[in-house]
Amino acid sequence: MLLAAASLVGCSQQEDVIVADSSTADHDNASVVFRLSANTAEAAATRSAEDSYVHVQGTADEYRVDNARVYLFDAPTKLFVKSILLTNLTRSGSDANGNIVYEAEHVSVPQGTFDIFVTANTDRTINKQTEDEFLADIDSTTYVRGRIDDISKGIVMTNRASDNSGTVIVNRQDGNDNVVAITLERVLARIDIAKATETFPLTDNNSRQYASVTLEGHFLVNLPKYYYSYRHTAVLNSMTEPSWSINEHFGNVKDVNGYVIDPYFFKKTIDASAFTNADKYYENYFGDYSNPNVVSWTAFKPANAGETQYNTIYSLENCTLAPAQKNGYSTGVVFKARIEPYNNVYQLDAAGNLSLINDASRYPEVLYYFNYNFYDSPQALAAAIGVASVNANDIDMYQARKFEKDDNGYHCYYTYWIRHLDNYNPTNMGVMEFAIVRNNLYRILITNVSGLGYQEPVVNPDTPDEGETYLKVVLNVKPWIVRDQTNVVL
């Protein structure tokens with residue numbers, strides 16, 4: 001009875017751990033070789049804007065494929081047929097684009113037409129009878145953390161499901177193996193951050209220097225913690241969620257109104273203030289930003305010392321409908337900068353006139369900034385503005401700012417929202433303009449600072465991502481291409 005039960009289970013749901021298989025004599029089966037490419041991401045398919053076409057060499061951990069699991073579903077009925085764990089993968093060189101290629105030893109597969117799903121570098125096994133059940137189950141996985149710094153065990157990768165739908169496998173008359181090409185993409189994006197120099201001078205409209213700022217650290221906000229194992233896409237004009245179809249929604253992004261969809265896409269409505277992050281979808285959620293215990297500034301060096309000076313962070317994808325591309329949802333980088341006034345701090349003297357403070361050691365605990373100069377008190381600020389008095393809490397109405405001193409001096413803050421596809425229209429938000437998309441590399445280089453940042457690291461959730469940042473940024477959104485190199489030790 002036990003043997004009979006085992007046979008029934010084996011017939012309904014087969015799973016093989018494959019090292020090698022030479023059983024090609026069975027006419028009901030066919031011999032298959034799965035060939036895995038450890039990179040996808042041609043620019044047009046991933047909607048990568050501003051691509052410099054200078055591709056970045058990936059690290060061994062970024063392109064390693066230790067194992068892969070293949071799931072076969074009967075294409076006409078969408079019923080589960082077989083899963084195969086490929087563990088004896090051999091690097092077979094590279095393809096015409098220089099992508100790393102791995103090849104598995106041939107395996108025995110039933111003949112038929114299949115929808116093929118592949119996962120790599122994950123121990124999780126899904127046992128479901130239908131495609132819909134399978135996708136619902138596997139999409140419940142998560143990296144747990146929003147910011148991933150350690151990828152030493154490899155990155156979870158999957159194929160684009162539509163690429164391998166309707167794949168025909170037959171017992172070939174010439175006796176050769178069926179070769180099934182599987183192109184894998186990482187479920188993570190890579191973010192590189194650097195600055196062109198340590199300190200940036202600030203000048204007024206007459207090119208007179210009035211201060212300098214030193215970018216001391218950065219902090220990423222709104223990092224999602226959940227992901228779809230297989231890339232979801234859709235053509236959208238509204239927030240209505242589609243009925244998912246493998247051929248329509250698991251492949252490339254359409255050119256018109258095409259979106260990449262993340263697990264919370266349809267919860268991120270136009271009213272960003274209403275989103276509370278109650279189930280902790282975002283790590284470093286902007287709403288927790290006022291808590292100093294949440295913020296941990298990452299120091300970073302100028303990029304002129306070489307490529308290694310870029311700080312690298314890995315993140316899951318984060319996308320919204322174009323009108324919902326707002327600070328409350330989007331992934332952004334907040335920069336902390338130290339301010340150094342440039343011989344222009346003023347005080348009121350005994351006669352009520354403004355006079356320069358020549359000794360920097362006498363600068364006050366609070367500085368008031370207005371029109372390219374600094375003042376040591378609300379009274380001095382009022383004299384500079386030309387009013388009788390200024391309430392320190394109402395200085396915004398005069399376009400003035402207040403900076404408090406800490407152990408390391410005066411500080412201001414800048415925010416940059418990561419752009420995926422620039423529509424080159426600063427007044428009209430484009431589709432997928434601000435987003436993070438898997439398997440893309442976002443390289444951010446701060447090349448200039450045009451003005452003083454804000455006195456506090458405040459994020460307004462309903463502010464559109466498009467707007468003034470005071471930062472001049474060279475942004476390259478690149479296909480995360482892995483180039484084959486000789487003498488690479490895997």
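1. **What we're looking at.** This is a predicted model, where local features need pLDDT of at least 70, side-chain atom pairs count only at pLDDT 80 or more, and totals for chains, interfaces and linings use all residues. Numbering starts from 1 along each chain as its sequence is written, and side-chain values use heavy atoms, with hydrogens and water left out.

2. **The end of α6.** To settle the opening question: Gly 386 comes after α6, and its phi is positive, near 95 degrees. Helices here are DSSP runs of H or I with at least four residues, and strands are E runs of at least two, both numbered from the N terminus. The buried residues of α6 are Pro 378, Ala 380, Leu 381 and Ala 382; buried means under 20% relative accessible area, exposed means over 50%, and partly exposed is in between (1.4 Å probe, protein chains only). Those buried residues pack against β22 (345-348), β23, β24 and β25, with contact meaning heavy atoms within 4.5 Å.

3. **Confidence.** pLDDT is the predictor's confidence in each residue, from 0 to 100. The chain has a mean of 84, and 84% of its residues reach 70 or more. Strand β25 (residues 373-375) has the highest confidence, at 97, while helix α2 (residues 43-46) has the lowest, at a mean of 33.

4. **Stretches to treat with care.** Two of them deserve a flag. Residues 1-25 stay under 50 in pLDDT, and the model gives them 36 contacts beyond four places in sequence. Residues 40-54 also stay under 50, with 48 contacts beyond four places in sequence. Where pLDDT is low, the predicted coordinates should not be read in detail.

5. **The nine-stranded sheet.** Nine strands make up an open sheet with mixed pairing, in the order β14-β15-β21-β27-β26-β24-β25-β22-β23. At its edges are β14 (199-203) and β23 (354-356), each pairing on one side only. From one strand to the next, the twist averages 40 degrees; axes are lines fitted to C-alpha atoms (for helices, over the stretch in contact), and angles run from 0 to 180 degrees between N-to-C directions. Two strands pair if DSSP finds at least two bridges between them.

6. **Pairings within it.** β15 (residues 209-221) and β21 (residues 332-341) pair in the antiparallel sense over 10 bridges, and Val 213 stands opposite Ile 339 in β21. Strand β24 (residues 366-370) runs antiparallel to β26, joined by four bridges; there, Val 366 has Glu 404 as its bridge partner. On to β27 (residues 409-417): two bridges join this strand to β26, again antiparallel, and Lys 405 has Tyr 410 in β27 as its bridge partner. A hairpin through two residues links β26 to β27.

7. **The largest pocket.** What volume does the largest pocket have? About 860 Å³, where volume is the space filled by probe spheres set on grid points joined across faces, edges and corners. Its lining comprises 31 residues, with Tyr 454, Gln 455, Glu 456, Pro 457 and Val 458 nearest the centre. The elements giving two or more residues to that lining are β26 and β27. On a 1 Å grid over the protein atoms alone, a pocket is an open set of points where a 1.4 Å probe fits, with protein on both sides within 12 Å along at least five of seven lines; lining residues have an atom within 4 Å of a point.

8. Most residues other than glycine have a negative phi. Val 144 has a positive phi of about 75 degrees although it is not a glycine; this valine sits in the loop between α4 (131-138) and β9 (147-148). Val 144 counts as exposed because its relative accessibility is 54%. Gln 399 also has a positive phi, near 55 degrees, and belongs to the loop between α6 (378-385) and β26 (401-406). With a relative accessible area of 71%, Gln 399 is exposed.

9. Asn 127, in the loop between β8 (112-120) and α4, counts as partly exposed because its relative accessibility is 43%. Its C-alpha is separated by 8.9 Å from that of Asp 137, 10 residues apart along the chain. Gly 287 lies in the loop between β19 (282-283) and β20 (311-316) and, at 41% relative accessibility, counts as partly exposed. For Gly 287 and Asn 277, 10 residues apart along the chain, the C-alpha separation is 8.4 Å.
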